[in-house]
Amino acid sequence: MIDSVNVPEVLPSSIPVPSAVISSASYLWFYFITFFKLIPGAHYVIDYVEKSHQDDPYRTFVEVLLILYSIVYFLSKPKKKGAVDQPKLSEKEIDNLIEEWEPEPIVVPDERNEWRLAKIPVIEGSGADNVINITRDNGKEAYASAFNLCSFNFLQLSKHPRVVEIAKEIIKNYGVGSCGPAGFYGNEDVHYNLEYDLASFFGTENSVLYGQDFCVSSSVIPAFTKRGDVIVADDKISVSSQNALQLSRSTVYYYKHNDMASLENLLHELDEAEKKEKLPAIPRKFIVTEGIFHRTGEIAPLPELVQLKRKYKYRLFIDETFSIGVLGATGRGLTEYYNINRATSIDITVGSLATAIGSSGGFVLGDNVMVRHQRIGSNAYCFSASLPPYAVRTASTVLQMMDEDNSSVTKLRYLSNKLHEWFQTDTELLRYIEVTSHRDSSVLHFQLTDAQRQQKFGSSIESVFQESQYQQQHCISDHFVESWEKEEIFLQAIVDTVLIDGNILISRDTIVLKQETLPVTPNISICCNSSMEESQLLDAYNVIRIAIIKHCSEA
Amino acid sequence: MISISSTRVPLIPPEDIPLEDKKENEFGQLTSEEYLYQSKSRDGKALQDPILDAPAYHVSLITYLNYLILIILGHIHDFLGLTFQKEKHKDIMEQDGLAPWFSTFESFYVRRLKQRIDDCFSRPTTGVPGRFIRCLDRVSHNLNDYFTYPGTTSMCLNLSSYNYLGFAQSEGQCTTAALEATDKYGVYSGGPRTRIGTTDLHVMTEKYVAQFVGKEDAILFSMGYGTNANFFNSFLDSKCLVISDSLNHTSIRTGVRLSGAAVKTFKHNDMRALEKLIREQIVQGQSKTHRPWKKIIICVEGLYSMEGTMANLPKLVELKKKYKCYLFVDEAHSIGAMGPSGRGVCDFFGIPCSDIDIMMGTLTKSFGAAGGYIAADKWIIDRFRLDLTTPHYGEPTPAPVLAQIASSLKTITGDINPGEGQERLQRIAFNARYLRLALQRLGFIVYGIADSPVIPMLLYAPSKMPAFSRMMLQRKIAVVVVAYPATPLIESRVRFCVSAALTKEDIDYLLQHINEVGDKLFLKVSSGKAGGSLDGKPPRWNIDEVIKRTPTDCKDDSFFRI
C-alpha cells in the first residue's frame with residue numbers, strides 16, 4: 001500500500017518539495033483516511049465531500065476557509081463592547097498612582113449632628129410599658145417613672161399575662177432561635193400556623209412571614225418587578241418603601257400625596273403612552289401606598305384607589321404597618337375601616353408584627369400564587385433565618401385575642417379621637433403647629449406650620465428637600481442641611497421640656513435625612529395605647545401644649 | 001388552587017418524656033474525652049490555594065444530560081399544559097388585563113424542576129432544632145402541589161440546622177436567662193432603637209458582643225439578612241467602590257446595590273485576581289469620569305456557607321494595608337464556630353481584630369438566638385447609630401433573644417459554667433474534622449477547609465438530590481440539599497452542618513448510612529487529590545476501617561490539605 005504513495009501531479013516539478021515533507025504528509029493523510037473510515041457512517045461523509053468537490057471544486061475551497069475562520073473566531077478573545085483602549089502605564093507609574101491615592105475615612109465624623117446620640121433614651125425594663133425609668137446621655141440624665149407616649153405597642157395585648165405565659169411555654173419547648181432559614185427546617189409548626197392564622201384573620205388566601213418588618217417591602221417588591229415594569233407611588237411613602245422602589249429596577253412615577261385626581265391623571269397619561277408604544281407584553285404595574293402613613297399619620301383613600309386600580313389594570317400594594325390593629329372595628333386594618341373585602345381589593349398587603357400586635361417580624365398577605373412565588377423569589381424570606389418560635393406563637397395568640405374581644409381596639413380608637421380632638425381644636429396651638437395625622441390614627445403627628453418654619457429657620461419643606469437632594473446627588477459624604485438640623489434641635493427642645501417639666505416621654509419622629517429620597521418634615525409624634533386613661537392623656541396634652549407654646553412663642 | 005393555607009399544619013404537642021431524655025435529645029453528652037479537639041491558631045499563616053477535586057468527565061456529562069432531559073420534559077409539559085389545561089396554568093397567563101405575577105420563562109426552573117423535589121425543602125419541624133430534630137411527616141399530593149399532615153412526627157438526627165455550638169436548647173442557663181428576660185422585659189420593646197426600643201439589656205449585650213469579637217463597640221439588629229441589606233447605604237455612595245468576592249451572600253449584594261456604590265467582583269478567594277483588580281481600580285478610578293474613588297471596601301465572608309471555604313484573611317489584611325482599602329468581613333457562619341476560643345476568623349488566623357475595619361456577624365447560628373451585629377471602632381459605630389436606617393425605622397431585637405445572646409456568649413467565654421464553652425468548641429472542632437476526613441476516606445468529594453463546620457458533599461446530578469434527601473429521611477437523618485442557583489449548575493450538593501450537640505456515635509451512625517446511600521447512588525467519585533487518600537489512589541475505604549482509624553487521624557493536620 002505504502003508503495004503507491006506518489007508525488008501528486010498537481011505540484012509543478014519546478015518547485016522543489018523535500019521528499020520528507022511529501023512522504024510524511026502522505027502518511028498522515030493515509031492513516032487519517034484509514035482511521036476515519038473506521039468510524040461508523042464515515043463513508044457517507046467521504047462520499048459527500050468527494051461528490052461536492054467533483055460538482056464544484058470552489059465550494060470545497062470556500063468551505064475550508066469558513067472552517068478556518070470559525071476556528072480563528074472561536075479562539076479569539078471577545079472584545080467588550082464600548083471598551084476603550086487605556087493608555088499603557090508602566091509599573092512605576094502605576095505604583096506612583098497607587099501611592100498618591102488618598103481615600104476618605106470609612107465614615108466621616110460630623111460633630112454637628114452628634115447631639116442626637118445623647119438624646120436616645122435607654123429604658124430600664126420594657127419600652128412597651130406606660131410608666132418607665134429612663135436614662136440618657138450615658139446615664140448623665142435619669143428620669144424615674146416617666147409617662148411613655150412613644151411606644152408602638154398600641155393594643156398592649158402582648159403584655160397580657162396569658163400571652164407572656166404562652167411565650168415562656170414556647171421557649172421551654174422550642175428554645176429561643178429557630179436556627180435555620182424557612183426552606184431548610186427553620187419553619188416550624190408554629191410558623192405555618194401563624195401564616196394560617198394571619199391569612200384567616202385578614203381574609204386572604206395565604207400569608208408569608210418575615211424576620212423584620214423594615215425588610216419586608218424592600219424584598220417583596222423587587223421579587224416581582226423587573227426592568228420595564230411600572231410603579232406608581234404616593235410621594236410621602238416611608239423609607240422602607242422608598243428602598244423597595246430603588247431596588248425594583250422598574251420605572252417609578254410619583255403622584256401627589258393622597259390626591260386621587262393626580263393619580264388618575266398620571267395613570268391616564270401612562271395608559272395613553274403605553275397604547276402608543278405597542279409593547280409585546282403588558283408590563284406588571286403597581287400602585288404603592290401606605291394604610292396609615294408612617295410620617296404623617298394620614299389614611300389612604302382605599303375605595304378610590306381600588307376603583308382606579310381596577311380601571312387602569314394595576315395591582316395595589318399597601319403598607320399597613322401602622323393601620324393593622326388600629327383601623328376597623330376589630331383591628332383588621334384599612335379594608336375593614338372602609339368595609340371592603342381585602343382579598344379582592346388589595347393585591348399585596350405588608351404588615352408588621354412589631355407594632356400593634358406587639359411581637360417581632362413582618363408579614364405579607366395575598367393570594368396563593370403571589371405567596372408561593374415569594375417563598376422562592378423573595379430574598380429576605382429565602383436567605384434569612386425564620387423568626388424565633390416564641391415570637392410567632394405570641395403573635396398568633398394576640399390575633400386570637402383580637403378576634404375574641406375588640407374592646408382594646410375600641411378603647412384605642414376612643415383615645416386617639418380624643419387626643420386628636422384636643423390638639424385640633426386648640427386655636428392657640430394651631431398658630432404654631434399643624435396636626436397632620438387623621439383622628440383615627442393611634443399616632444398623632446404634628447409639625448411646625450410653614451409660616452413658623454419660614455419665620456424661625458428661613459426654610460421650607462421644598463428648600464430643605466432641594467438642598468438635601470443636591471447633596472445626595474453630588475455624593476457629599478458629610479450630608480448636612482443646616483435649617484433641617486436647627487428645626488430638629490428646636491423640636492428636641494420641646495421634647496426635653498416635656499420630659500423635664502412633666503416627666504412625660506414623647507419623641508421626634510426618628511428620621512435619617514440622608515436616606516430620604518422624598519420631601520420630609522421634622523415632626524413630633526405622640527402615641528397612645530389602649531391601656532391609658534383619658535385623664536392621663538389629658539394631663540399629658542396640657543404639659544405638651546404649654547411646652548410647645550413656650551418654645552414657639554419665643555422669638 | 002390548593003396550597004399550604006388550605007391544609008393547616010397541625011400544632012404538635014411537646015413529647016412527654018423524662019427531662020434527662022429531653023436534654024439528651026437536644027444536646028448529647030460527651031461519650032469520651034478522646035472525642036475532643038482543641039483547634040490551633042494559625043499565627044498569621046495564610047491559607048494555601050485549595051485543591052478542588054473534580055469527578056470523571058462522565059459524571060459531568062450525565063449531570064448535563066440529566067438537566068437536558070428535565071428541561072425538555074418541562075417544555076413539553078408547559079406546551080401541553082398551556083394548550084390543553086389553561087385552567088391549571090392561570091398563574092403564568094395574562095388575566096383581566098393584568099400581567100402574570102412572573103413570566104413563564106423566569107419561573108420555568110421553579111415550576112418544572114424545583115417543584116418535582118419540593119418535598120425535600122421546607123419540611124415543617126417542631127420543638128428544639130438540637131441534636132435531633134422532630135420533622136412532621138407529610139404526604140405529598142399532585143406532584144408536590146400541596147401536602148397533608150397525618151399528625152405524626154419523626155425524630156431525625158439533625159445535620160441541617162445552624163446550631164454550631166449546640167445552644168439550641170430548651171434547658172440550661174440560656175433558657176433560664178431568656179425566661180427571666182421575658183418576665184422582666186416582656187416580649188416586645190416598643191419601637192425603633194433610637195425612639196424607645198433601647199433598653200439597658202441592649203446596651204449590655206452590645207458591650208458583650210463587642211468584647212467578644214474584640215472591637216470597641218457593636219450595634220445589634222433583629223435580623224441577620226436585614227443587617228447587611230440596610231447597612232451599606234449608610235456610608236457608601238456611587239463614588240465609592242465595593243470589591244466583592246463572587247460568592248458573597250445575597251444580603252451583602254442587596255445592601256451594596258441599595259447604596260448605589262460601584263461593584264467589582266473577583267473570583268472566589270483568588271487573592272492574585274483581587275490584587276490585580278485593586279491596582280487596576282485605583283489607577284482607573286470611577287468608571288466614566290476616571291476621578292479617583294472616594295474609598296474602596298473589600299467585602300468578604302469569614303466562612304462561606306455553601307463551600308466551607310474561608311476568606312484568606314492574612315493575605316486580605318496585607319492587601320488592604322498595602323492599598324489603603326477598607327475590609328468588611330461577614331462572619332455569619334464563622335463567629336462562635338471557628339477559632340481556638342470561638343471568636344471567629346481573627347481568632348482562627350491569629351490576626352489582631354483591629355486589622356478588620358468592620359466586622360459583621362449573625363447571632364442566629366452559633367448562639368441559638370436571632371439577629372445580627374456590626375462591630376467596629378467606637379467612632380465608626382457612633383456614626384452608624386446616626387446614619388443607619390434600621391435603628392431609626394425598624395424594630396429592635398426583643399429581650400428574650402438578647403438574654404440568649406448574652407448568656408451563650410458568657411458560656412463560651414467561660415464566665416458562666418466554666419469549661420462548658422470550651423468543651424462545646426472542642427466538640428464541634430472534633431466533629432467537623434472527623435466527619436470531613438471520614439467522608440473523604442469513603443471516597444466522597446467534599447469542599448472546604450479542615451475545621452469548617454459546614455461540610456458540603458458533592459452530588460452532581462440533580463436527580464440524586466431528592467434521592468439522597470429522601471433516603472436519608474427514611475434513615476431518620478435530616479439533611480439539606482442545595483442546587484443551582486445557590487451553587488454552580490452541575491455542582492448540586494448536600495450540606496452537612498455539624499454541631500457540638502452531636503456525639504461521635506451520632507456521626508458513626510450518619511457515616512454508615514451515607515456510605516450505604518453513597519454506594520447505591522454512585523456518589524463515591526473522588527480522585528483523592530484533595531485528601532482522604534494515603535497512597536495517591538482514589539480512596540475507597542471500608543466503613544469499619546474508617547470508623548476505627550479516623551477519630552485519631554482527624555486530629556492530625558497532615559491528613560488534611562489546608
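Between domain 1 of chain B and domain 2 of chain B there are 12 residue pairs in polar contact, both residues being at pLDDT 80 or more; a polar contact is a pair of N or O atoms within 3.5 Å, where within protein one must be able to donate a hydrogen and the other to accept it, and where residues adjacent in sequence count only if both atoms are side-chain atoms. The elements that give two or more residues to the side of domain 1 of chain B that touches domain 2 of chain B are helix 15 (420-442), strand 13 (454-460) and strand 16 (492-497) of chain B, and helix 15 of chain B gives the most, with four residues. Helices (H or I, at least four residues) and strands (E, at least two) are DSSP runs, numbered from the N terminus.

This is a predicted model, in which local features need pLDDT of at least 70 and side-chain atom pairs count only at pLDDT 80 or more, while totals for chains, interfaces and linings use all residues. Residues are numbered from 1 along each chain as its sequence is written, chains are lettered from A and ligands numbered from 1 in the order in which they are written, and side-chain values use heavy atoms, with hydrogens and water left out.

The division of chain B is into domain 1 (21-54 + 122-158 + 421-559) and domain 2 (173-413), with bounds that come from an automatic or database domain assignment. The contact between them, meaning heavy atoms within 4.5 Å, takes 27 residues from domain 1 of chain B and 26 residues from domain 2 of chain B. About 2100 Å² is buried between these two domains of chain B, 60% of it on carbon and sulfur atoms, where buried area is the accessible area (1.4 Å probe) that two parts lose on being put together, summed over both. Two salt bridges are counted between domain 1 of chain B and domain 2 of chain B, a salt bridge being a side-chain nitrogen of Lys or Arg within 4 Å of a carboxyl oxygen of Asp or Glu. A salt bridge joins B:Arg272 and B:Asp49, whose closest N and O atoms are 2.9 Å apart.

Chain A also has an assigned division, into domain 1 (112-148 + 407-552) and domain 2 (160-404), and the centres of these domains of chain A, taken over C-alpha atoms, are separated by 27 Å. Domain 1 of chain A and domain 2 of chain A bury about 1600 Å² between them, with 51% of it on carbon and sulfur atoms. In chain A, A:Arg295 and A:Asp509 form a salt bridge, with 3.2 Å between the closest N and O atoms.

How many residues of chain B are in contact with chain A? The contact involves 127 residues of chain B and 127 residues of chain A, and the area buried between the chains is about 11200 Å², of which carbon and sulfur atoms give 61%. B:Trp101, B:Arg195 and B:Tyr393 supply 10% of the area that chain B buries against chain A, more than any other three residues. The count of salt bridges between chain B and chain A is 11, and the side chains of B:Asp387 and A:Lys514 meet in a salt bridge at 3.4 Å, N to O. Helix 12 (residues 378-387) of chain B gives the most to the side of chain B that touches chain A, with eight residues.
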